Structure formats: C-alpha cells, structure tokens
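Subject: Structure for you to look at

Dear colleague,

I am passing on the structure we spoke of, and below it you will find my notes on what turned up in it. Please read them with the sequence and the coordinates open beside you.

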Amino acid sequence: EEMQPLKKMFPMTRVGPDFTCDVTDQPILIDGDLQKKFWQGDIAWYKMEEWKKKSPVPTELASEAAFRLTPGRSNIVIGVKCKEPAMDKIPARAKEHDDFEIFNEDRIEVRIETPERSYFKIAVNTEGIIWDETQDVTLVTKYTLPVLWNPGIKAAVKKEKDRWTAEIMIPTADFGSKGPDKANPWGINVYRIRRVGGVREVYDIAPTAEKLPNDLVKMGNLAVP
C-alpha cells in the first residue's frame, strides 16, 4: 500500500505499439542505401505519424523506419526513409560529432531504453553527423557527462531528388544483457524532425500526443519475434 503513490508517479509499463526486429548474419555496409539486399525480404517497416495529433503524414512527406540486429545482438541497425519535396532547402549546419547545432535542423532522432538502462538518445542529420548521449545514471557516472557517451555509432545518409534515407548502426554493449524479446522488450521510438521553412514538424512511429515527444512510457516495445 505504501508503494501505490510511487506506482502512480512512475508507471513502469510502456503503452506504445509493438515493433519487431530480426537477427541477421547478412554483412552490412553503412552507406544510407536502403535498396540493397540487407533491407530486402520480410522486414517490417513502420510508418510515422504526426507526433501530437496522431494523424497521417502527408504523402509527399511519408516517413518510415525498420530495425535489424546483428549476430549476438551486438548492434541494432535502423533504417529510415524520409520523402522530401524540398531537398534543396534542407538546413544542415552541424559539422562535427556532438555539435549542438544539429537540433536546429532536419534530423532523425532515436530514443532507446532497455530493462537495465534508461535512456539513450541519438540524432543524425541529413549529412550523417551524429549526436549521441545517455541519461542512464550508471553510465553518466562512468562517462562523467551524458554527451560523453560515444559507443561508436555509424551513420550514413543517401539523398535523392525527392527523399533522403538514413542507416544508423548502434553498438549495444551498454544496453545490458536482457532483451529485446517478449519478456524483456526494449523501449524505442524513431522521430523525423523537419525544419524546412523554419517551422518544426515532428513525426514518429510511436506518437505520444503530449506536450513533449519524449514520453518514455509511450515508447514502442521492440522484440525479436
């Protein structure tokens, strides 16, 4: 009975949608190309929605994401497709790793939490520049600052006339030993933040419909089927 107020303050069950990923032994070159063999076959692609209204994204801005794991669950690889009718107007100011300017431009953001670590935030802009940080207390103590968590993420972007695609490979050594499976799913959300025209548009695969789009309780649950 004494714990009931804490349960109300800190709900432990995520209520977002379920996502699946497989474990593959296919070799991968991170180059931003989502047409290659690695991304073919029976892979689930999850469409993004407008994060606050939970409404469909306009066809010309359609965005989606998919997940795969490398052998031994050593890396999670995320593919993201973003249609864009104004490719020539995309702002890209960040020039180096962990450049805060990345948050003023078009980008992909990934948030992940696991049964043992909460949480990780990764951003990649249209030039493949990376921002990575962790808010997990144990890891912040180890690395001294959230932004000093640099696990060796690889990212690449491919641009076409009316779209851009991104591949992000995140090492999982700091994620702990559990999951992602049905008993121990990982919490995950993938966002597309669009800044063309100076107005922020946010789309994601697990819309929160809240004031802020980083509600961890409403993240999706990722598991190997």
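A residue is called buried here when its relative accessible area is under 20%, exposed when over 50%, and partly exposed in between. Please keep in mind that this is a predicted model.

With that cut-off in hand, I would begin with strand β9 (residues 130–134), where five of the five residues are buried, so the strand is largely enclosed by the rest of the structure. Ile130, Asp132 and Thr134 point one way from β9, whereas Trp131 and Glu133 point the other way, and burial holds for all of them. The partner of β9 is strand β8 (residues 118–125), with which it pairs in the antiparallel sense over five bridges, and within this pairing Lys121 stands opposite Glu133. Four residues lie between the two strands of this hairpin, and Gly128 takes a positive phi near 85° there.

At 43% relative accessibility, His97 counts as partly exposed.

As for the interior, nonpolar side chains tend to be buried together in soluble globular proteins. Here the largest nonpolar core has 40 residues, and those with the most contacts inside it are Phe67, Ile76, Ile78 and Val190; the elements that give two or more residues to this core are β5, β6, β7 (107–113), β8, β11 and β12 (186–194). Ile76, leaving aside its neighbours within four places in sequence, is in contact with a set of residues that includes Phe67, Leu69, Ile112, Ile168, Phe175, Trp186 and Leu222. A second, separate core has nine residues, among them Ile30, Phe38, Ile43 and Ala156.

Finally, the second largest pocket has a volume of about 280 Å³. Its lining is made up of 17 residues, and Ala62, Glu64, Lys81, Lys83 and Arg163 lie nearest its centre. Two or more lining residues come from each of β5 (63–69), β6 (75–83), β10 (154–160) and β11 (163–171), with the largest share, three residues, coming from β6. By class, the lining has eight charged, six nonpolar and three polar residues.

With best wishes

Terms used. Residues are numbered from 1 along each chain as its sequence is written. This is a predicted model: local features need pLDDT of at least 70, side-chain atom pairs count only at pLDDT 80 or more; totals for chains, interfaces and linings use all residues. Side-chain values use heavy atoms; hydrogens and water are left out. On a 1 Å grid over the protein atoms alone, a cavity is a set of points where a 1.4 Å probe fits but cannot get out, and a pocket is an open set with protein on both sides within 12 Å along at least five of seven lines; lining residues have an atom within 4 Å of a point. Grid points are joined across faces, edges and corners, and a volume is the space filled by probe spheres set on the points. Ala, Val, Leu, Ile, Met, Phe, Trp, Tyr, Cys and Pro count as nonpolar, Asp, Glu, Lys and Arg as charged, and the others, Gly among them, as polar. Buried means under 20% relative accessible area, exposed over 50%, partly exposed in between (1.4 Å probe, protein chains only). Two strands pair if DSSP finds at least two bridges between them. A nonpolar core is a set of buried Ala, Val, Leu, Ile, Met, Phe, Trp, Tyr and Cys residues joined through side-chain atoms within 4.5 Å. Contact means heavy atoms within 4.5 Å.
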